[in-house]
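The sequence and the model follow.

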Amino acid sequence: MIDDDLNAVGLQKKVETIVDQYLSALSSEKGNFKRLAEQELSEEDQQNLRLIKEKIYAVFNGKTVPQSIYNKVNAMLSSKVLTLDMLGFKHGTDKAFMDITSGAPRLAHDYLRHYEALLGSYRFDKMILIEFGCFRGASLRMWEDWLPNAEILGVDIDENAKSHERGRVHVLIGDATRQETCDKIRALLGNQQPFVIVDDASHAWSDQRRSLEMFWSLLAPGGFYIVEDLECGSDGTCTPQNMPTVLDSQPFLDYVLELCSILRWAPDRRLVGNPSMGFHEITQEIRFSQLPQVVKDIALSLDSFHLMPGTLALKKKI
């Protein structure tokens, strides 16, 4: 709970008042609050949700969220004002701004409002979404709810993940860093291509790079490749006990920045790197023709790069 010297009681009551006012508006017949879950939110609705989350972050940042606040936010779900973030909260994925998967309400990764901004205009399109790492299946259920015309494919090394299959959610058991898993997915999809790929697997930088280089060619033109938990390190963990004092692999974000830097050079290729340019561990001049083919393919088909706290999205050229 929050320390008394932060005037916790007063601040908590302010947040509860904000939430109460919003819930009261939702229960009224006025305004645009009565709407179906699949409809777009008005700017007023979005502003109200943003206000609540900003207040919660301002008061409880870095601390346990009181159960009363969690319950009030949870009550919003009955309003059917379901953004991607609220659906994530409903299903219990830590991609949302708050979750309870650890046993007590806590602030979570807050990825989903960014994903909605990136993917919102494609929400009702017919598509395939692949997610590496199923865990408890919460995000698979969230994607199924938010993308009503999509087929969702989860990939996990844990055979128990098969229990998450239902409706439009499918699960393939395999390691997303191995070519044989990529080949199985290609065979399963036939001539179809996923529009969204989300890497929420081991979080190890080398695995993130290996999966990107393996699956980028499978991604549909104009699609998005999302990599989460960028801070977890070379071994996929960010606990103090296991954090390496010296990184033994290139941070995935640095790798992506290098891909973006390559785009600054003409295809007939002057240099794409030299020691003075700050590239990772470059000790001699490198020309485009010297790069691995997979790196050249990604660099030339990369349309844009979207960096968010803890996660990033690469958009492929159409």
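## Chain overview

In the protein chain, 61% of the contacts with a separation of 6 or more are between residues 24 or more positions apart. The model is predicted. Its secondary structure comprises ten helices and eleven strands, and of the 318 residues in the protein chain, 49% are buried.

## Packing of α4 and α5

Two packed helices are described by the angle between their axes and the distance between the axes. For helix α4 (residues 84–91) and helix α5 (residues 112–119), the angle is about 135 degrees and the axes lie 8 Å apart. α4 is therefore oblique to α5, since angles count as roughly antiparallel only over 145 degrees. The crossing of α4 and α5 is right-handed.

On the α4 side, the contact is formed by Leu-84, Asp-85 and Gly-88, and on the α5 side by Leu-112, Tyr-115 and Glu-116. Sorted by class, the contact of α4 with α5 contains three nonpolar residues, two charged residues and one polar residue.

Gln-208 belongs to helix α8, which spans residues 205–215. With a relative accessible area of 1%, Gln-208 is buried, because the cut-off for a buried residue is under 20%.

Leaving aside residues up to four places away in sequence, Gln-208 touches Asp-199, His-203, Val-227, Glu-228, Asp-229 and Phe-252. For Glu-228, the backbone oxygen is 3.1 Å from a polar atom of the Gln-208 side chain.

How values were computed
Residues are numbered from 1 along each chain as its sequence is written. This is a predicted model: local features need pLDDT of at least 70, side-chain atom pairs count only at pLDDT 80 or more; totals for chains, interfaces and linings use all residues. Side-chain values use heavy atoms; hydrogens and water are left out. Axes are lines fitted to C-alpha atoms, for helices over the stretch in contact, and angles run from 0 to 180 degrees between N-to-C directions. Helices (H or I, at least four residues) and strands (E, at least two) are DSSP runs, numbered from the N terminus. Angles under 35 degrees count as roughly parallel, over 145 as roughly antiparallel, 65 to 115 as roughly perpendicular and the rest as oblique. A crossing is left-handed if the near helix is turned anticlockwise from the far one by less than a right angle, and right-handed if clockwise. Contact means heavy atoms within 4.5 Å. Ala, Val, Leu, Ile, Met, Phe, Trp, Tyr, Cys and Pro count as nonpolar, Asp, Glu, Lys and Arg as charged, and the others, Gly among them, as polar. Buried means under 20% relative accessible area, exposed over 50%, partly exposed in between (1.4 Å probe, protein chains only). A polar contact is a pair of N or O atoms within 3.5 Å; within protein, one must be able to donate a hydrogen and the other to accept it, and residues adjacent in sequence count only if both atoms are side-chain atoms.
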